[in-house]
Amino acid sequence: MRVALLLHLLGVVIWIGGMFFAYFALRPAAAVLEPAHRLPLWAATLERFFRFVWAAIALILGSGFYMLTVMGGAGRVPFNIHLMLYVGLLMFIIFVYVFFSPFPALKRALAAQDWKAGAAALNTIRKAVAVNLVLGFINLGVATLGSM
């Protein structure tokens, strides 16, 4: 169970930490760049980060469902565990949307050097990341405060 919890937390740190870095460090630093430089930087960064997010999601879901099973299944765990699961699944759905819709739109816009379309796609990604970051912080609160 401890190994599963460690893997779960590693996945959480990678995903939430990466979103925090992107939103509060990279975004302001990249804002001074022209679109022809800013958008390729974001696309390359997200391309790499999303590989880690897929791995983090696999760790989080795999370890989470394992721990749920060890604790006796969904019928035997407290409400905060259910809430954590549902919020996490919502985060996963938002990520899948970003990965399969605005992220490919960003890459297509870059290939066409359509900076306006690229900026629009990146703005959609930014909003989704903001929502997921808030949901991630909520889940951290549920995980730590909900078990008290």
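This is a predicted model: local features need pLDDT of at least 70, side-chain atom pairs count only at pLDDT 80 or more; totals for chains, interfaces and linings use all residues.
**Stop 1: the largest pocket**

Start by selecting His8, Ile60, Gly64, Met67 and Met84. Of the 33 residues lining the largest pocket, these are the closest to its centre. The space in this pocket comes to about 750 Å³.

**Stop 2: the helices around it**

Now colour four helices: helix 1 (2-30), helix 2 (35-70), helix 3 (79-100) and helix 5 (115-145). Each one gives at least two residues to the lining of the largest pocket. Which helix supplies the largest share of that lining? Select helix 3: nine of the lining residues come from it.

**Stop 3**

Colour the lining of the largest pocket by residue class. You will find 23 nonpolar residues, nine polar ones and one charged one.

**Stop 4: the second largest pocket**

Move on to Arg27, Trp42, Leu122, Ile125 and Arg126. They lie nearest the centre of the second largest pocket, which has 24 lining residues. About 350 Å³ of space lies here.

**Stop 5: its helices and its classes**

Keep helix 1, helix 2, helix 3 and helix 5 on screen. Each supplies at least two residues of the lining of the second largest pocket. Here the largest share comes from helix 5, with eight residues. Finish with the class colours again.

Terms used
Residues are numbered from 1 along each chain as its sequence is written. Side-chain values use heavy atoms; hydrogens and water are left out. On a 1 Å grid over the protein atoms alone, a cavity is a set of points where a 1.4 Å probe fits but cannot get out, and a pocket is an open set with protein on both sides within 12 Å along at least five of seven lines; lining residues have an atom within 4 Å of a point. Grid points are joined across faces, edges and corners, and a volume is the space filled by probe spheres set on the points. Ala, Val, Leu, Ile, Met, Phe, Trp, Tyr, Cys and Pro count as nonpolar, Asp, Glu, Lys and Arg as charged, and the others, Gly among them, as polar.
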